[in-house]
Amino acid sequence: MIRALALSLCLATPAFADFPETVRDHILPGYAGFAKAAEDLADTAAQSCDPQALRPAYNAAFDAWMGVQHLRFGPVEQGGLGLAIAYWPNPKGSGRRAQMAILTGDASLLEPENFAEQSVAARGLFALERLLYPRTELPADPCPLIRATTADLARVAGVVHAAWVDDYAETLLTAGEAGNTTYLTRPEARQALFTQLATALEFTDDTRLGRPLGSFTRPRPERAEALASGRPLRNILLSLKAQRAMVETLTPDAPKTIAAFDHAIVVGEALDDPLLAGVAEPESRLKVEILQQAIEALRQTVLSELGPELDVGIGFNAADGD
């Protein structure tokens with residue numbers, strides 16, 4: 001009761017834009033939205049396994065995940081929960097192999113307690129994409145696996161959301177207070193959030209765009225994120241918009257950063273290439289490269305303006321798992 005009251009007071013009365021507002025206005029609503037969307041997806045799958053019927057709920061859940069996927073710290077780090085939600089890239093195709101083994105194997109693997117022990121590469125949004133947007137005919141009826149995957153996704157989303165509400169939000173909000181061994185000072189909390197922004201932009205630059213761009217002589221459009229479900233550009237734009245919204249909760253005084261986000265978003269929205277297939281043609285490839293350059297410039301602006309504004313600098317690369 002005391003912990004819950006302290007949390008509610010911290011969230012209700014921010015004096016200025018800072019990480020308490022980020023927790024209240026960005027992180028908690030984002031994870032609540034994702035948990036609800038994942039639950040809706042599982043409920044829909046329980047009624048019908050028809051891919052056409054499931055795709056709208058699937059994309060709604062993926063959209064909700066993109067609202068928080070840049071937050072690669074806290075509960076999603078525990079036990080590989082973040083990877084169980086979205087395991088990508090998967091360059092060696094291990095996810096499909098593991099998933100097909102489950103699809104054609106012992107039905108007991110689909111029991112919730114057993115499915116939770118399966119490879120993260122065979123679970124989550126990207127595993128579900130392979131079932132709802134199959135490239136070839138599946139070797140067995142996918143319905144039981146669809147239901148197991150959606151139920152597991154809803155469970156994991158609920159675990160992450162509950163962990164934020166019950167514990168980690170207070171851990172972040174009480175940074176610098178006696179007994180907080182995770183964040184010894186308030187700047188450490190701002191540092192953690194700032195690092196999430198910087199590394200998320202790096203991921204979009206290097207991976208979401210870099211993988212399909214490949215090289216000029218060897219473009220790789222088939223390596224784009226969530227290609228089968230038609231989401232490569234959609235994911236980039238949703239990610240940028242979510243990170244922009246996060247910046248607004250951190251500080252009211254980062255005009256260059258906001259302008260750089262707006263520019264990158266405008267460039268992306270003008271790119272009439274939802275699959276990033278244009279990387280294979282010189283003229284359209286240039287447009288994708290211009291988007292990549294806009295994101296590179298955005299990241300540099302985040303480092304040069306937002307970092308000093310928050311009185312932090314770039315720390316370790318969170319994507320490295322250090």
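This is a predicted model: local features need pLDDT of at least 70, side-chain atom pairs count only at pLDDT 80 or more; totals for chains, interfaces and linings use all residues.
User: Why are H3 and H10 called oblique to each other?

Analyst: Helix H3 (residues 51-66) packs against helix H10 (residues 232-250) at an angle of about 40 degrees, with the axes 8 Å apart. Angles under 35 degrees count as roughly parallel and those from 65 to 115 as roughly perpendicular, with the rest, apart from those over 145, counted as oblique, and H3 and H10 are therefore oblique to each other.

User: Which residues make that contact, and how do they divide by class?

Analyst: From H3 the contact takes Asn 59, Phe 62, Asp 63 and Met 66, while H10 contributes Arg 234, Asn 235, Leu 238, Ser 239 and Ala 242. By class, the contact of H3 with H10 holds four nonpolar, three polar and two charged residues.

User: What makes H9 roughly antiparallel to H12?

Analyst: The axes of helix H9 (residues 186-213) and helix H12 (residues 282-310) cross at roughly 170 degrees and come within 10 Å. Because angles over 145 degrees count as roughly antiparallel, H9 is given that description relative to H12. The residues of the contact of H9 with H12 comprise 14 nonpolar, four polar and seven charged.

User: Is H11 parallel or antiparallel to H12, and which residues meet between these helices?

Analyst: Helix H11 (residues 255-269) and H12 pack at an angle of about 170 degrees, their axes being 9 Å apart; with over 145 degrees as the cut-off, H11 and H12 are therefore roughly antiparallel to each other. On the H11 side the residues include Pro 255, Phe 261, His 263 and Val 267, and they meet a set in H12 that includes Ile 290, Leu 298, Thr 301 and Glu 305. The residues of the contact of H11 with H12 divide into 12 nonpolar, four polar and two charged.

User: Why is H9 described as mostly covered?

Analyst: Of its 28 residues, 21 are buried, a term that requires under 20% relative accessible area.

User: What makes the peptide bond from Trp 88 to Pro 89 cis?

Analyst: The bond has omega near 0 degrees and is cis, whereas most peptide bonds are trans. Pro 89 is found in the loop between helix H4 (81-85) and helix H5 (94-103).

User: Why is Ala 226 called buried and Asp 311 exposed?

Analyst: Ala 226 has a relative accessible area of 3% and is therefore buried, the cut-off for that being under 20%; Asp 311, at 58% relative accessibility, counts as exposed, which requires over 50%. Ala 226 lies in the loop between H9 and H10, and Asp 311 in the segment after H12. Phi is positive in each, near 50 degrees for Ala 226 and near 65 degrees for Asp 311. Most residues other than glycine have a negative phi.

User: How do you know that Gln 118 is buried, while Gly 230 is called partly exposed?

Analyst: Gln 118 has a relative accessible area of 19% and is buried, since the cut-off is under 20%. Gly 230, with a relative accessible area of 29%, is partly exposed, because that class runs between the 20% and 50% limits. Gln 118 lies in the loop between helix H6 (112-115) and helix H7 (124-132) and, not counting residues up to four places away in sequence, touches Ile 102, Leu 109 and Arg 123. Gly 230 lies in the loop between H9 and H10 and, leaving aside neighbours within four places in sequence, is in contact with Pro 274 and Leu 275.

Definitions and conventions: Residues are numbered from 1 along each chain as its sequence is written. Side-chain values use heavy atoms; hydrogens and water are left out. Axes are lines fitted to C-alpha atoms, for helices over the stretch in contact, and angles run from 0 to 180 degrees between N-to-C directions. Helices (H or I, at least four residues) and strands (E, at least two) are DSSP runs, numbered from the N terminus. Contact means heavy atoms within 4.5 Å. Ala, Val, Leu, Ile, Met, Phe, Trp, Tyr, Cys and Pro count as nonpolar, Asp, Glu, Lys and Arg as charged, and the others, Gly among them, as polar. Buried means under 20% relative accessible area, exposed over 50%, partly exposed in between (1.4 Å probe, protein chains only).
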